[in-house]
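This report describes the fold and some local details of one protein model. The sequence and structure come first, followed by the notes.

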Amino acid sequence: MLNIALFGPPGAGKGTQSKLLLEKYNLTYISTGDMLREEIANNTSIGREAKAIIDKGGLVPDEMIVQIIETKVTMNLESRGFLFDGFPRTIVQAYILDGLLLKLNTSLSCMLSLEVPEDELIERMLQRAKTSGRADDTLEVIKVRMQEYENKTKPVIDFYSEKGKYFPVRGVGSLDDIFRELCQTIEKTIPQHYINIVLLGKPGSGKGTQGEILARRNNLVYISTGKMLRQEIANDTEIGRIAKPYMERGEIVPDEIAIKLIERKIERNPSAQGFIFKGFPRTIVQAYILDGLLRRLDSRISCMLNLKLTTIEAIKRLHNRSKTERSRTYDTSTELIINRLEEYEKKTKPVIDYYKKQSVFFEVDGDGSPEDVNQRLEDAIKDAFKELR
């Protein structure tokens with residue numbers, strides 16, 4: 001999730017810039033000011049109590065703020081992220097926000113502070129008072145609010161500076177220039193997001209061919225445990241010698257071997273934008289293993305693509321492949337082909353159910369020319385990321 005706190009003294013332009021940021025990044029807007037004014041307009045008990053405090057230029061108690069923010073957050077659990085305008089204003093509220101976001105298994109991405117000289121702020125708010133009719137835009141109240149900001153809110157800067165999440169942005173100039181600088185700052189702070197795709201299907205469904213094409217076209221790193229294992233066997237490595245009898249029988253190699261190979265591939269590609277996993281995970285245990293490997297990158301599976309193919313068609317393809325230079329040891333025997341298909345039915349089908357429950361499962365017809373199948377896969381990837389957004 002992308003969670004932003006937009007910070008700055010009264011009159012810095014947080015509300016205006018928030019609207020632009022919400023549209024660009026598709027976030028849920030949480031403005032304590034707007035929510036409090038709504039409570040006041042609805043004459044709720046919180047609204048009446050808050051009005052008396054605001055009219056004097058004071059800060060509303062944290063108990064009230066937490067109550068209305070938590071309600072808003074829990075109503076938007078599927079949000080891509082939150083933009084907090086006017087919160088946190090104190091160190092206590094900063095800790096409160098950490099706690100609220102921790103409940104969602106996320107955290108604040110950055111705290112952006114609009115920096116505006118005090119005389120400019122006072123002039124802006126006095127001008128706003130002429131059109132807004134807000135009771136808290138009188139000169140006397142403005143000065144109280146400015147002092148409140150100095151006394152209570154400035155220390156929040158130190159809180160986020162220590163975390164490396166505080167970023168001052170010049171708040172004077174054209175709206176477009178300020179917005180551009182805000183966006184540039186956000187882009188620098190957004191952690192790397194990987195695109196991770198699992199490509200599954202019966203033996204002979206074309207996973208290898210399609211996986212390599214998808215990786216090339218989407219600028220992803222292709223990870224095929226089968227291909228890596230065959231290379232280990234060809235090089236007569238220790239891993240290759242252990243894996244060889246399993247591969248010859250068309251069986252799944254021990255998980256610790258696959259883990260070593262995948263970890264090594266990931267480590268050798270530190271600049272990768274994401275990965276395509278072909279033939280892994282093949283068991284529910286391996287699905288959990290892959291989740292753990294990706295969690296170390298602060299990432300997860302983006303979508304799982306399943307190439308649908310009939311058993312008869314799969315047998316035909318494997319039999320035909322056995323007559324080519326691409327032949328595998330396990331393609332030459334009908335018994336081994338059937339064994340592999342039975343392994344798939346028994347152990348890999350639960351993996352599909354696992355990803356269905358995560359709503360990242362997409363099935364694609366694997367019959368037809370490689371070009372036609374690839375187009376269907378690309379379309380499925382587009383649909384997957386529409387749902388993710």
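The model is a predicted one. Asn26 sits in the loop that joins α1 to β2. Its phi angle is near 55 degrees, which is a positive value in a residue other than glycine.

Asn219 also has a positive phi, near 55 degrees, and is likewise a residue other than glycine. Asn219 belongs to the loop between α9 (207–217) and β7 (221–224).

## Overall dimensions

The protein contains 16 helices and 10 strands. Its radius of gyration is 28 Å, whereas the globule rule gives 21 Å for 389 residues; the value is well over that figure, so the protein is more spread out than a compact globule. Along the principal axes, the C-alpha atoms fill a box of roughly 90 × 40 × 35 Å.

Of the 389 residues, 46% are buried. The accessible surface amounts to about 20300 Å², and carbon and sulfur atoms hold 49% of this area. Among contacts with a separation of 6 or more, 73% are between residues 24 or more positions apart.

## The five-stranded sheet

Five strands form an open sheet with parallel pairing, in the order β2-β3-β1-β4-β5. The edge positions are taken by β2 (28–31) and β5 (166–170); each has a single partner strand, so one side of each is left without a neighbour in the sheet. On average, and with direction ignored, neighbouring strands of this sheet are turned by 20 degrees against each other.

Strands of a sheet pair through backbone hydrogen bonds, either parallel or antiparallel. Here β2 and β3 (residues 82–85) pair in the parallel sense over four bridges. Thr28 stands opposite Phe82 of β3, and Ser31 stands opposite Asp85 of β3. On β1, the parallel pairing with β3 runs over three bridges, and Ala5 has Phe84 in β3 as its bridge partner.

## Cysteines

A disulfide is a covalent bond between the sulfur atoms of two cysteines. How many disulfides does a search of the whole structure find? The search finds zero.

For Cys110, the closest cysteine sulfur is that of Cys183, 11 Å away, which is too far for a bond; the cut-off for a disulfide is 2.5 Å. Cys183 is in no disulfide either, as its nearest cysteine sulfur, in Cys110, lies at 11 Å. Cys110 is buried, with a relative accessible area of 0%. Cys183 is buried as well, with a relative accessible area of 9%.

## Two further loops

The peptide bond from Phe280 to Pro281 is cis, and its omega is near 10 degrees. Pro281 is placed in the loop between β8 (274–278) and α13 (284–295).

Arg328 lies in the loop that connects α14 (311–321) and α15 (334–357). With its neighbours within four places in sequence left aside, Arg328 is in contact with Arg230 and Arg321. Arg328 and Glu248 are 80 residues apart along the chain, and their C-alpha atoms are separated by 8.6 Å.

Conventions:
Residues are numbered from 1 along each chain as its sequence is written. This is a predicted model: local features need pLDDT of at least 70, side-chain atom pairs count only at pLDDT 80 or more; totals for chains, interfaces and linings use all residues. Side-chain values use heavy atoms; hydrogens and water are left out. Two strands pair if DSSP finds at least two bridges between them. Helices (H or I, at least four residues) and strands (E, at least two) are DSSP runs, numbered from the N terminus. Axes are lines fitted to C-alpha atoms, for helices over the stretch in contact, and angles run from 0 to 180 degrees between N-to-C directions. The radius of gyration is taken over C-alpha atoms; the globule rule is 2.2 Å times the number of residues to the power 0.38. Buried means under 20% relative accessible area, exposed over 50%, partly exposed in between (1.4 Å probe, protein chains only). Contact means heavy atoms within 4.5 Å. Accessible areas come from the Shrake-Rupley method with a 1.4 Å probe; for residues, only the protein chains shown count as cover.
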